[in-house]
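This report looks at one strand and its partners, and then at the chain around them. Please keep the sequence and the model in view while reading.

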Amino acid sequence: MKNKILAIQTARANSKSVKKKNLIKIDNEPIFLKSLKSAINCKEIDKVVCTTDDKIIASYSKKFNFDAIKRPKSLTGPNASHLLTIKHALLETEKKYKCKYDIVILLLGNVVGISAKALSQGIKKLKNNDSVVSVSKFNMFNPLRAFSENSNKLIKTSIDPKNINNSKKKNSNDKNVLGDIYFCNGNFWIMKRSNLFIKSKQIPPFPWIGKKIVPFKQKTFFEIDDVWQTDFLKKFSKSFKEEIS
């Protein structure tokens with residue numbers, strides 16, 4: 001029996017890190033449309049929705065064939081739970097269409113590295129696992145190189161190298177000392193519906209992806225969370241197109 005698949009984009013109005021980042025134009029169209037259009041063009045996905053409190057984003061729904069779900073005020077602030085936001089959108093959609101979805105795909109409104117082809121490939125990778133997560137390799141950001149600032153405005157290493165088993169490579173500042181390092185690049189999370197409701201599966205920092213997580217490895221992608229990233233994406237959008245074709 002074919003799984004029913006729902007794609008949910010979460011794109012709120014008042015972004016804190018970069019003002020109105022979901023509406024930033026890349027290649028002459030607002031960036032939030034990129035992931036939505038990829039999901040709409042993915043033949044495995046049954047329904048595409050966007051949960052938002054942004055009237056501009058919602059206004060695109062009829063033209064581009066996605067449902068705009070009005071997000072409750074309690075889920076619009078910077079500290080709103082992403083997990084609860086996903087669950088709200090899922091349950092509202094199931095109520096509207098009187099059905100139950102087996103697989104949920106989380107999309108963000110501030111990324112460019114998604115294609116219908118990548119989503120299709122990711123769905124096929126899910127199988128009996130909890131989730132498939134798009135990641136990019138960033139060995140230069142070895143966690144052992146990370147610093148945090150204390151109350152005296154001084155910095156110290158965030159992770160004590162003594163707590164890491166790196167006996168084979170004693171040079172702890174080597175970017176490869178921990179092997180390949182992958183970060184979520186924000187393009188998509190493909191997950192079993194049960195992840196959203198079974199508490200034993202909900203492990204921080206992404207409580208919706210469960211325990212059995214399959215990586216979907218991509219080249220250098222990231223979500224916009226700072227101004228410099230916006231400028232970078234605008235400048236190199238052509239090369240990103242080649243990577244996701």
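In strand 6, Leu107 is the bridge partner of Gln9, and strand 1 (residues 5-10) pairs with strand 6 in the parallel sense over six bridges, where pairing requires that DSSP finds at least two bridges between two strands. Strands are DSSP runs of E with at least two residues and helices are runs of H or I with at least four, both numbered from the N terminus. The model is predicted, so that local features need pLDDT of at least 70 and side-chain atom pairs count only at pLDDT 80 or more, while totals for chains, interfaces and linings use all residues. Residues are numbered from 1 along each chain as its sequence is written, and side-chain values use heavy atoms, with hydrogens and water left out.

| Partner of strand 6 | Sense | Bridges |
|---|---|---|
| Strand 1 (residues 5-10) | parallel | six |
| Strand 10 (residues 182-192) | antiparallel | four |

In the chain, buried residues make up 46% of the 245 residues, and the secondary structure comes to seven helices and 11 strands. The C-alpha atoms fill a box of roughly 55 × 40 × 40 Å, taken along the principal axes.

Notes:
Buried means under 20% relative accessible area, exposed over 50%, partly exposed in between (1.4 Å probe, protein chains only).
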